[in-house]
Amino acid sequence: MAHEYELSIGPIHPALKEPIMIRVKVEGEEIVDVDVIASQNHRGIEWLGMNRNNAIQSIYLAERVCGICNFCHPSCLVMAVEEIADIEVPERAQYIRVIQGELERIHSHLLWAGVAAHELGFDTLLHYVWMVREKVMDVLELVNGNRVTKSIIMYGGVRRDIKEEHVEHIRKMLDYYRNAFSKLAKFFLEDKTMEKRTREIGILTERDAIELAAVGPTARASGIKKDVRQDFPYFAYPDFDIHAITPDELTGYTVGDVYDRIVVRLLEVKQSIDIIEEALNEMPSGEIIAEKKLVKLMAKIKASEGEAVARYEAPRGEDIHYVKLKKGFEPLYSWKVRAPTYINILSWRPMLVGYQIADIPIIAASIDPCMSCTNRIAVVKDGKERIFTSDYFHELSVKKTRRLMK
Amino acid sequence: MNGEFILKLVLECILLPFFAIFFGLLLKGIDRKLVARMQARVGPPIRQPFLDVIKLFSKENIVPEHAVKWIYNAMPLVCLASSIMVLFYIPLGFPPLLAGHGDLVLVLYILIIPSLAMIAGGFASSSPFATVGAQREMVTMISYELPLSIVIMSIAFYLPGSNSFSLDFISSHPLWNSVGVLGFAGLILLLMSLIIVTPGELAKVPFDVAEAETEIAEGVMVEYSGRNLALFYMADGVKIFAFASLIVAIFFPYSISPLLNLTGLYADIANFLFFILKVVIVMIFSVSIIRAAVARYRITSVVTGYWVTVAMMALIGLLLLMWDMHYHVRWS
Amino acid sequence: MMFPMFKQLIVQMFRKPFTNPFPAKYAPKSMKKFMEDVEKGKAKINPPVEIPDEETFRGRILYDRDKCIGCQLCIKVCPSKAIEFKKEEKKIRIYIGRCIFCSQCNDICPTNALSMGNEFLLASDSKVNDELVVE
Ligand code: SF4
Ligand code: SF4
């Protein structure tokens, strides 16, 4: 039997680039056991939202939960608050939100595709994909004023309209991606080395995916037809015919490996293109925000009370925000973010065990992890990390529930 | 006459290492620039590797606490020295400096030393990443050695005479001239095998499993820094030079001087420049383009790839050469 | 085809690189000196990618002092606390070094004293030099 030893991938590792630690036990090249140690970095975002910020400021804080999905987190927060404060969002704003969300999905999936290629040592593909991605970034800059942070969503609508002359640019971009799609599919799915590195690698069976409650493309690649846009449509999504994409649409069968995750993401880019096209055609005219006077809006939110959970299909999977507001209390009374990666990292274990060290980066990357959304808690006292038991956490949560119920 | 000869030899022996390092780094620069252009990037300036080396030399040299220090520090030197040594036996547009003292088999052996040095250095640096890297380097080495030796054997086997292993002899009897149709096809297969072996030998994508940045953080190199890393870096350049020269010497030994009607010193210079050009072209095809066009293999695929696919290709090449000797199917 | 990237490589090799080489093809040794040279006309700067829409672009904030009535609403909504109130004058001061260009202050200002400019080359060696403090 080969000698067994332990490798730590992370907290700092060239493959992950974000602080998370995977401890793998290996036997030669084969992985026999995996332990994921999250929370290497805690930023206290929820705390800030509940203590320092007022509701409007929290939108921008939510935008910075994750740089890539800087639309889904604020949207989720906004949806929850809108539900509590009973704010009716104008139809046009809902359509603009859909367009923004899908633009974000395109850029996020393309970014991921590049990273995946890089993990496999295929840097040419990385550069090619990111070159293609520039197009949507240009459109984002044109429409939103900045390449990355969109700063567009507001309680009760959106802050900026999509101008007539921008529509034309967006349409051009859609055509560009329609053409680029076949090329991308060729590079990713037909290349022999890519296929060798991704087919039958990191398989997540349907059963495991259900048991570990995987979300987003990770779950869909295992054949689970689950998509918040389809199951619990929000924004203007009820008007669209959206179905959860599974890899068998392209390949005819589902394996649940890394290859399938690539297929799902590529198909979702295509789906997003169609959604944007439809949204542009059907977009009604009218107001884009329910309450133009921000002072009034803030007063309204301050005066409302209640709690709500919002769900949003982020590029990485289902994002959930829980918000509670209290009358007369300016910040959010309670705010809980559950980013998709938080759930998906659990599936690393069944995906990794039995494969090789060489597969760790691509398998880890295949769920499109975003650690910045994931980190929760780390207490370091006197240079020692304190380990919490589940009993202690239980006690804490009971206390918190009591406090919230008061 | 004799004194002059020795003087020339000593001079060349001093000059060659410097030239090898210089040209190796230049090759690396060209490679990086070209790959960048293939990836639609601007890329670093061609002199970038020189700047890198200068910078590395000015950096602190860190030795890990649990490393076996003397091995750890010696291996970069061994790696560089052995890479340069290969060049003494390879004709670089003129007969090899140590012609007559060693042949292709010796070159094969010396080519292993840089890899061995990297393995020893990796194991000595006591990092788990380096250990994995060193193991992978070993496996890669075992894998590509088989097709590599088949290629070398086939060529030596084909050439007549007792000194058919001598590189000088091989390069003065271009193979393409003497083969028939079958042999031609065989040679093409052998050349292709050698080109596929190159990235493995030089630890480049798709066979850079030992240094896979995203997997094991540069593997064997993970603990190296400063001067030691600079030495490895230069050795890498020299290795590219040496291996490309080997391919040129075996497969493209033609010189340009008869074509230009040059004689004497001019002929030597022209031949040498032509040789350099050939090395660059061989490097582009065997390193740059392959490196840019594919993804990295897993170590298991490296083994099966080399042992089954490439070795098979080389064997078929050998068979074709043998047939060629028997049947003599000529072009016309 | 086994390696579809191959063709693309050859095509790209003979094409102009996609990268916009800003501010110069190769990074200058000292950026500060390079910028000084550019000002003196000794070196040429390669322009950055153009701003696609000047109206929507969110660059450095422009502040119209005269319009400001000192209501402090902008301070209330600024998510990064980049705005400071000057009590004596009843005016504000914006530290661009902290600003995240969300333009929320523009939206809430009752007199439209604030607007987003087009300047985005704001790198500097001091957070509080004249360019990075708007008042
Ligand atoms: S743009 Fe945003 S961050 Fe900048 S000063 Fe205005 S409110 Fe503050
Ligand atoms: S909101 Fe406008 S008017 Fe009020 S303090 Fe700010 S800049 Fe001045």
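This is a predicted model: local features need pLDDT of at least 70, side-chain atom pairs count only at pLDDT 80 or more; totals for chains, interfaces and linings use all residues.
Residues are numbered from 1 along each chain as its sequence is written, chains are lettered from A and ligands numbered from 1 in the order in which they are written, and side-chain values use heavy atoms, with hydrogens and water left out.

Start with confidence. Chain C has a mean pLDDT of 83, and 99% of its residues reach 70 or more. Here pLDDT is the predictor's confidence in each residue, from 0 to 100. For the complex, the predictor gives an ipTM of 0.83 and a pTM of 0.83.

Now the layout of chain C. Domain 1 covers 1–49 and domain 2 covers 51–135; such bounds come from an automatic or database domain assignment. The centres of the two domains, taken over C-alpha atoms, are 33 Å apart. Each domain gives 4 residues to the contact between them, where contact means heavy atoms within 4.5 Å. About 260 Å² is buried there, with carbon and sulfur atoms giving 63%. Buried area is the accessible area (1.4 Å probe) that two parts lose on being put together, summed over both.

What joins the two domains of chain C? The count between them is 1 salt bridge, meaning a side-chain nitrogen of Lys or Arg within 4 Å of a carboxyl oxygen of Asp or Glu. The side chains of Lys32(C) and Asp125(C) meet in a salt bridge at 2.9 Å, N to O. The side of domain 1 that touches domain 2 has 3 nonpolar, no polar and 1 charged residues. In these classes Ala, Val, Leu, Ile, Met, Phe, Trp, Tyr, Cys and Pro count as nonpolar, Asp, Glu, Lys and Arg as charged, and the others, Gly among them, as polar.

Turn to chain B. There, 13 residues of chain C are in contact with 15 residues of chain B. The buried area is about 1300 Å², and carbon and sulfur atoms give 70% of it. Leu9(C), Met13(C) and Tyr26(C) supply 42% of the area that chain C buries here, more than any other three residues. The side of chain C that touches chain B divides into 8 nonpolar, 2 polar and 3 charged residues.

Next comes chain A. The contact takes 37 residues from chain A and 29 from chain C. About 2900 Å² is buried, 57% of it from carbon and sulfur atoms. In chain A, Gln57(A), Met131(A) and Arg159(A) lose the most area to chain C, together 17% of what that side buries. How many salt bridges cross this interface? The rule finds 4. Glu330(A) and Lys76(C) meet through their side chains in a salt bridge at 2.9 Å, N to O. The rule also finds 18 residue pairs in polar contact between chain A and chain C.

Key:
A polar contact is a pair of N or O atoms within 3.5 Å; within protein, one must be able to donate a hydrogen and the other to accept it, and residues adjacent in sequence count only if both atoms are side-chain atoms.
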